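Hi,

Here is the structure I said I would pass on.

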Amino acid sequence: MTAGAQTTGPIIRRLNRHDLDPWHTLQSQALPDAYSKASLATELNSDRSRTWAVVQGDELAAVLLAWRVLDELQVLQIVVAPPWRRLGIARALMRRAIE
């Protein structure tokens, strides 16, 4: 699937446990120091973690991982799949995170 293959646009939603394998694959391909799958699972279950995904159909296009610490949001990871880069997806994720 390519970035413009479907007529409906991508959606932003919270990550869930079903996203663990695709998230691990995406960030392993894009980042030199990717988190282990166990670390990602820990983040999904942590009260301080905030995670959002951009999905198109069943494709995980992007992920944002952040920690909520008091009244601040510390962004730990933003990763966008290559076909989805330069389309404003990371910006949309940041906007959602600070809402």
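Let me start with Ser49, which touches Arg14, Glu43, Leu65, Ala66 and Trp67, leaving out residues up to four places away in sequence (contact means heavy atoms within 4.5 Å). Keep in mind that this is a predicted model, where local features need pLDDT of at least 70, side-chain atom pairs count only at pLDDT 80 or more, and totals for chains, interfaces and linings use all residues. Numbering runs from 1 along each chain as its sequence is written, and side-chain values use heavy atoms, without hydrogens and water.

Ser49 sits in strand β2, residues 49-56 (strands are DSSP runs of E, at least two residues, and helices are runs of H or I, at least four, numbered from the N terminus). Ser49 counts as buried because its relative accessibility is 6% (buried is under 20% relative accessible area, exposed over 50%, partly exposed in between, with a 1.4 Å probe and protein chains only).

Now for the core. The largest nonpolar core has 23 residues, and Trp23, Leu60, Val63, Ile89 and Leu93 touch the most other members (such a core is a set of buried Ala, Val, Leu, Ile, Met, Phe, Trp, Tyr and Cys residues joined through side-chain atoms within 4.5 Å). Two or more residues each come from α1 (20-30), β2, β3 (59-69), β4 (72-80) and α3, with β3 giving the largest share, seven residues. Beyond its neighbours within four places in sequence, Leu93 is in contact with residues including Ile12, Trp52 and Val63.

Helix α3 (residues 89-98) also holds Met94, which is partly exposed because its relative accessible area is 32%.

Cheers
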